[in-house]
Amino acid sequence: MKKFIFTALTVGALTSLSLQSCTDLTEPVYDAIPADQFLKTDAQVAAALGPAYGGLRGITWDWFNPSEASSDELIVPTRGGDWFDNGDWLAYSRHTWTPQHGPINGMWGFIFGNISQINQLIPVVSTNKAAVDELRAIRAFYYFMAIDAFGNVPIVTDAASNGGTKTRAEVYAFLEKELTEAIPSLTAGKAYSRMTQDAANMLLAKLYLNAGVYKGSPEWQKAFDTINKVVNTKNGFALGSSTLSNFIVQNQGSGENIWTIPFDSFKAGGMNFQMRTLHYANQQTYGLGNSPWNGFCTLADFYNSFEKTDLRKAMWIEGQQFAASGAKLVDAKNQPLAFIADFQKDQMTDADPEFQVAGIRSQKYEIQRNNPNGDQSNDYVVFRYADALLMRAEASFRLGKTADALVDVNKVRVRSGVAAMTALTEKDILAERGREMAWEGWRRNDMIRFGTFSLERKFMKNLNKTRELFPIPQARIDANPLLKQNPGY
Amino acid sequence: MKSYQVGRPSERLLAGVKKTLFTFAAMLLTSLTFSVMAQDVTISGTVKGNDGTGLPGVTVQTKGTTKGSQTDVNGAYKLAGVPKGATLVFSFVGMETKEVAIGNKTTVDVVMIDDTKALEEVVVVGYGTQKRKEISGTVTSLGSRDFNAGVVTNPLAAAQGKVAGLVITSSSGDPNSRPTVRLRGTGSLSAGSEPLYVIDGVIGAPIENVAPEDIQTMDVLRDASSAAIYGSRGSNGVILITTKRGKSGTPTVDYSAYVGQETISQRPDLLNGADFRAAATKYKQAFTDGGANTDWLDVITRKATSQNHNVGISGGSENFSYRASVGYLDQTGTLLGSGKDRVNARLNLDSKAMNGKLAMKFNMSASQANADIAQNRAIGFAMNMRPTDPVFNSDGTYFQIPGTFANFNPLAVLENYSQKEKLQDLLFNAQAGYTIIEGLVFNVSGTLRTQNRNSSTFVKSTPGNLLSTVGGNAGNRFLNATNDQQLETTLSYTKAVSSNSTLSLLGGYTYQDVINDGFGAGNNNFLSNDLGANNLGSGLGIRTNPNLLGSYKNEYKLVSFLARAQYSMANKYFATVNVRRDGSTKFGDNNKWGFFPSVSVGWALNEEAFLKGNSAIDNLKLRVSWGRTGNSEGISPLRSKSFYGPSGTYYDGGTDDFLPAYAIQGNPNPNLKWEVNENYGAGLDFSMFKGKLSGSIDWYTRKTKDLLYVVNAPQEKGFVFPTILANIGSMQNKGVELSASYQWVDNAKFSFSSTFAGSFNKNKVLSLKNNDFAAPDQVFLQTSLGSFIRGTSAVAFSVLQAGQPVGVFYGAKVAKIENGRYVFQDLNGDGKVNQANPDREDQTYIGNPTPVFVGGLTNNIKYGNIDFQFQLISNLGAKIVNTNNLLLGRQDGRIAESNALKSALTTVVNDERTLPMDYYVESGNYVRLNNASLGYTIPVGKSVVKRARVYVAGNNLLLFTKYSGVDPEISQALSIGSQAPGIDVRETFYKTRGITAGVSLSF
């Protein structure tokens, strides 16, 4: 008996011994690269730095939508059962968003996810000052969006940062320092889609231009000096033949665009304004592979702010729509498909006759005909020379140099076939910026700076100025108690 | 060879099969030796059972030798070469072995009686078996005869309503769908709540492709004390499947087959052409009248036929037995283009050698299932399409509403979109058990399982690119190979401590290595639809889109040590202790090993003096248990560390092109670990009035801690990605389970018994945070309402919140309908309600989607040769959000653009808002006549056919419910971001009613 037990134990022990090698729990890896084994070659470093720019493509949704749908130039009305989406779009245009608003949470994630990404990349290239400073300048662009949309946000630059809220003034100071320090090492010449000195100066000028909003005291002189560097750069940016020429499908040749984010129909998706704005049946107008979504449109007052002769009106799609064959298009109720400027409800039911045709649509970004894909290849324009001129005009005007301001404003006007102005008011500058920069993602920023964002307009009756900052999304506060909610929420 | 000439073809075939099997066995069993004895006399005789009929297949052996024979179909035998004065041993499974000293006789007739000890139920408990009466955990066993009848193509459907606490929800009539299975409630949010399936000792084999005909028993380990032996994967209970094995005796051939027809049992009540015109007139909606009266649902559905055949051959001798089976299933679905066919083959071999000390088992199975997957969205489109529009234009092309968004002609979708999936599964398992000394057994088991999933999708180009496909036509291929290797070694020791006390010990080591390896490719813009997805390289799409290629490979290993001690004292007191230690490569560096202990005790009260001799009580056993199990299935590989992988593209100025960018793939969590499930339970087994009434009652509390959930990661604190998989929070299920069987009548001619299995369960989320991460106080769960309903993408009807059941409905309360518009109640009493879109403060909990009670009642009636069986199942207490009503039941519905429910003609609601509200929450109570069968056993006399039964059966025959939607059996699946339990959505493949006729024969 004892012998048998001994035998059994021996067998058992031997078995366990022979299987010792089978207790190794190191995780096998095949289709990904462990973090400590990457970034060994220049090509790998370049590929890793890619997302710092690639991540910017989120701008067409996460920055554009909140910046435009909350303004006076773009609205996403509820069209019957379509586009209600839990009321998120109406909340934008009515200024009734709450800390629970999903897309605002999406914007926060876009901004801070990319900041975290860059913070991880900076140590990777720490020995290359030019690369570090380029990353810092791109990060500054995300922080610019953060200070503009949320105001009081954490300043996170590395793993040691604690994630607590800093005041908007502190974020302003941080941004000014970052950009001022980084700009000298950036490319002085042209480098398509890269954060060059011109692009960074444009960003710094935007910061100074909004200093009154961000830190309570304006910096018009600094704004003027900085934007002047861009206007007078040796890289020779100039107004293109027309405003819309900067937004064509192959717009990489534009001599007016200062900083763009490249898109490609297949290789780099996200440029899909045509999907958001066109009616379903416009698929036949442009020979599109997908049927568009019939959502985004402009408001009548904004549409009417364009003079009759204004060449920039070409950005609007209005009236009867036709198929490529020339046939008149109809809507689902067999009524002529004709977009109308003025509509009375921002929340329409199927019974409202105009529910599908309400609102003039936009083709600021040229619609890519016969595109089988939902995404287009136009590059997104962040900064362009006309904006620089209008910014310099605004700074001059604020500094009392109205004559200089008029020169800059009129350059932009004359190109579009409207008469030069002889006198200039604050209102004129905002309106001109509106017409020139319509649907480019700057309207909310401009309206806040000119104090009109919280004024009553059609479909917007919430005159609460605290809405000039978006709320810190509740989901973020739940996950990070160091965050402080903005006033008024 | 002579027998080959005279034998009937089937016998010849059988002999051939047998011969092959034996050759195969001989190759495997090299240690088998037979000794040849000197021959003396020839003994003959007949073996009968206690009912007086001859017993075929009884093994007759001379004691102490391997020399033996078997009785023929009439129970007769002849055994030559028996030494004078020897003893004959008569053995047969299920009978008491009988020894007869032959003396001088040459004719020996014996009567064999049932072996009550052998019939004593043995329960499979994982890494071994246990006698039913000694079980102290909570285990339910189902035999194959308990399975549901009718079109039942997978073991889960066969067990619906049969096991208390096992809730099987089949919300779909798609032959390729899988029911959701929950044991004792939903135990997890994102790690999976499905039990662990173990087939013949092999963990994780695909249960849906096991033919129910091959199953001998299903043992359901309901509590953690039983499931703890499966450690980090036992948290949701374990279902152990034992397939049929051969028995010694003459070969038996079983053939069973059925043909069936399925029709849609309930469908939504939509407007027909005339109704639609009336509605458009009534609601003053202009539309283009196509002049047709099309029933779009009718256009895309059909009566579906199915057939199923299964042949099993089994037999063997004392030391070797086999069972081989082949099954074929061909099932079409009611939605055009849907269907499934499957071939299964299984070979189970058992062999004993070294005087019975070495027992070996070989289990081989192969299956190939071909699925034709139809586009469920066609159902949504069919509901959208106006009944006044024709299916085809006059020129024969598909009719399509002009200028509409992604609302395709459903027939065009089904006829131009094909998705096929071939799943091949091969499993080889070898087990050897060596009895070192009496009671001490060393077991080793090795498994190799490979599964190949090969899918192919093709969308044809249609005139005008009707289906909006990039490139007009598009093909995709996807291949995944899973390679699963398992090794298990156990050493068990059983010793009788005294005459009625036994100690059993088990120790073991197991190792599992799973590799998933696959790639996919797509292309589009082919010059011809004829190529399908069979020549992907020929398309033009990849020239402009480099994202059409991908591949992956990952691997994980699970290493475990396990031990069990069972003690049975005086046949009265029983105790089991299980421990398992699991280590997994998937777990975070800080949590590589988990420990899962359990203990349970049982007390047979009927053996105590105060009950012994009580004529009413046969058996009364009290069980108490505690156990801790884990759930690690929800952790995919590479979640605990940082890895770089491709991440979109970036613009490279040098090449003026977009190059692949690389980035960290997700937020790593080095603390990642399994969910912990702690379970307390107590139960009472009873059997009374000589077995007339038997059953059990169980009470349990099941608490899941360290819930795996994807929570928000604070990106402003350095996390690149917005979310991270972490262990947060806890959840609780409490319940009572009751099973009872009552034998109303039981005599030779007539018997009638009923079996009830039901459970009450209450689920509650306790917390959704840990020290590092927290989910929002209210997590809104979104449900996809289907294609072509815009504006509904961000609608959440359900929430996760501490203190509430999983997925509780949350929304506003409708006070009244005024001028067709919802008027919402002021719930916080501040006198204000945002009527356009009520704020959180004016919303509340409006229903629990999880049923309070789920049960089944099965009745078996036998009269002479006729058998009748029917089963009722019921769900009570669940609530349903009827989104069909919400979207299509209001006055104008979506008229004139799309169709609506008939109720749109009479409803008072004229409000297009898709908000969560109580107005559309309905009771999901129902009772269903789930299945019934009527069979006739044909008296076969002395023919070669030993048994013959013909039957007709039906599934889903009657439904009693007040639910106004299609069917109240709504999916209970929770898939964060896309599906929440209890939401009735349009694109549900309607359940079917099936009628089958079948036959089963034994030769």
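1. Let me start with a loop in chain B: Lys357(B) sits between β20 (339-353) and β21 (358-372) of chain B. Helices (H or I, at least four residues) and strands (E, at least two) are DSSP runs, numbered from the N terminus. Lys357(B) counts as partly exposed, because it has 14 C-beta neighbours inside 10 Å; a residue is buried if 20 or more other C-beta atoms lie within 10 Å of its own, exposed if 12 or fewer, and partly exposed in between, with C-beta atoms placed from the backbone. Lys357(B) touches Tyr434(B) and Thr435(B), leaving aside residues up to four places away in sequence. Two residues are in contact if their C-beta atoms, placed from the backbone, lie within 7 Å. The C-alpha atoms of Lys357(B) and Val441(B) are separated by 8.8 Å, although the two residues are 84 apart along the chain.

2. A word on the model and its labels. This is a predicted model, in which local features need pLDDT of at least 70 and side-chain atom pairs count only at pLDDT 80 or more, while totals for chains, interfaces and linings use all residues. Residues are numbered from 1 along each chain as its sequence is written, and chains are lettered from A and ligands numbered from 1 in the order in which they are written.

3. Now to how the chains meet: 87 residues of chain A are in contact with 89 residues of chain B. On the chain A side, α1 (2-18), β1 (33-34), α2 (42-54), α6 (102-121) and α19 (474-479) each supply at least two residues. The largest share, eight residues, comes from α6(A). That side of chain A divides into 41 nonpolar, 33 polar and 13 charged residues; here Ala, Val, Leu, Ile, Met, Phe, Trp, Tyr, Cys and Pro count as nonpolar, Asp, Glu, Lys and Arg as charged, and the others, Gly among them, as polar.

4. Strand pairing also crosses between the chains. Two bridges join β1(A) to strand β30 (residues 643-652) of chain B, and these strands run antiparallel; two strands pair if DSSP finds at least two bridges between them. Pro34(A) stands opposite Phe643(B) in β30(B).

5. The loop between β1 and α2 of chain A holds Leu39(A). Leu39(A) is not a glycine, yet has a positive phi of about 65°. With 18 C-beta neighbours inside 10 Å, Leu39(A) is partly exposed. Ser193(A) is buried, with 21 other C-beta atoms within 10 Å. For context, most residues other than glycine have a negative phi.

6. Which residues of helix α8(A) are buried? They are Arg168(A), Val171(A), Tyr172(A), Leu175(A), Glu178(A), Leu179(A) and Ala182(A). They lie on the same side of α8(A) because they cover an arc of only 135° around the axis, the arc being that of the directions from the helix axis to the C-beta atoms. Lys177(A) and Thr180(A), on the other side of α8(A), are exposed. What covers the buried residues includes α7, α9 (197-209) and α10 (211-215) of chain A.

7. The largest nonpolar core has 240 residues, and those with the most contacts inside it are Ala200(A), Leu203(A) and Val711(B). Helix α7 (residues 129-149) of chain A gives the most to this core, with 12 residues. Such a core is a set of buried Ala, Val, Leu, Ile, Met, Phe, Trp, Tyr and Cys residues joined through C-beta atoms within 7 Å. Leu203(A) touches Ala140(A), Phe141(A), Phe144(A) and Leu179(A), not counting residues up to four places away in sequence. A second, separate core of 54 residues includes Ala149(B), Val163(B), Leu166(B) and Val198(B).

8. Finally, two strand arrangements in chain B. Strand β2 (residues 59-62) is joined to β3 (residues 68-70) by three bridges, running antiparallel, and to β5 (residues 87-91) by four, also antiparallel. Thr59(B) has Gln70(B) as its bridge partner in β3(B), and Thr62(B) has Leu88(B) in β5(B). Elsewhere, an open sheet of five strands has the order β10-β15-β16-β13-β14 (chain B), with mixed pairing.
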